[in-house]
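Q: I have never looked at this structure before. Could you walk me through how to read its features?

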Amino acid sequence: MKLRYGTFSYLPDLTDDEIAAQVKYALDHGWPVSLEYTDDPHPRNVYWEMWGLPMFDLAEPDGVLAQLNDCRATFPQHYIRLLAYDASLGRQSTAMSFLVQRPSAEPGFLLERVEGPDRTQRYSVKSYATARPTGERYPGA
């Protein structure tokens, strides 16, 4: 199962040149860029670990790509996403967010249904990856 998360999620995985083009677009609009990673991709897990600090005052995507390559080398079996922030309206808001790396094998999710009173049904989503402890969730980690 391929996780669909953020902008471009239904397109094939972006190449480094395509990622650089998106970073260039963000930088041209004055949006600072940051990188985040996780091994728990649950849809409600919006707080991923931040890789370094947001990158302000960059003119070219080379600095972001260097940080991305460092993050990839450190976490080869994690999800990594790139975010661009727009503060032009007086508040920090996400202008762009997309995955730049995913694990080689994505285990998927379990959908549990619980029957309740008066024919109500409640659903919960659990990631198969979280059945293992952090750091051991993906093969080859």
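Q: Among contacts in the protein chain between residues at least 6 apart in sequence, what share joins residues at least 24 apart?

A: Keep in mind that this is a predicted model. Contacts can be sorted by how far apart the two residues sit in sequence. Here, of the contacts between residues at least 6 apart, 54% join residues at least 24 apart.

Q: In which order do the four strands of the open sheet lie?

A: Order in a sheet is read across the strands, from neighbour to neighbour. The order here is S2-S1-S3-S4, with antiparallel pairing in this open sheet. Strand S2 (49-55) and strand S4 (93-101) each have a single partner strand, so they stand at the edges, and one side of each lacks a neighbour in the sheet. On average, neighbouring strands of this sheet are turned by 20 degrees against each other, direction ignored.

Q: How many bridges join strand S1 to strand S3?

A: Pick one pair and follow it along. Strand S1 (residues 33-38) and strand S3 (residues 79-86) run antiparallel and are joined by six bridges. To find your place in this pair, look for Val33, which stands opposite Ala84 in S3.

Q: Which strands does each helix lie across?

A: For a helix on a sheet, ask what it lies across and at what angle it runs. Helix H1 (residues 16-28) lies across S1, S3 and S4, and its angle to S4 is about 165 degrees. Helix H2 (residues 62-74) lies across S1, S2, S3 and S4, running at about 165 degrees to S2.

Q: Which residues form a nonpolar patch on the surface, and is Leu111 buried or exposed?

A: Look for nonpolar side chains together on the surface. Leu111, Tyr123 and Val125 form such a patch, with about 300 Å² of accessible area together. Leu111 belongs to strand S5 (residues 109-115). Leu111 counts as exposed because its relative accessibility is 56%, and the cut-off for exposed is over 50%.

Note on methods. Residues are numbered from 1 along each chain as its sequence is written. This is a predicted model: local features need pLDDT of at least 70, side-chain atom pairs count only at pLDDT 80 or more; totals for chains, interfaces and linings use all residues. Side-chain values use heavy atoms; hydrogens and water are left out. Patches are made of residues with over 30% relative accessible area and no salt bridge: like charges are joined within 9 Å, nonpolar side chains (Val, Leu, Ile, Met, Phe, Trp, Tyr) within 5 Å. Accessible areas come from the Shrake-Rupley method with a 1.4 Å probe; for residues, only the protein chains shown count as cover. A salt bridge is a side-chain nitrogen of Lys or Arg within 4 Å of a carboxyl oxygen of Asp or Glu. Helices (H or I, at least four residues) and strands (E, at least two) are DSSP runs, numbered from the N terminus. Buried means under 20% relative accessible area, exposed over 50%, partly exposed in between (1.4 Å probe, protein chains only). Two strands pair if DSSP finds at least two bridges between them. Axes are lines fitted to C-alpha atoms, for helices over the stretch in contact, and angles run from 0 to 180 degrees between N-to-C directions. Contact means heavy atoms within 4.5 Å.
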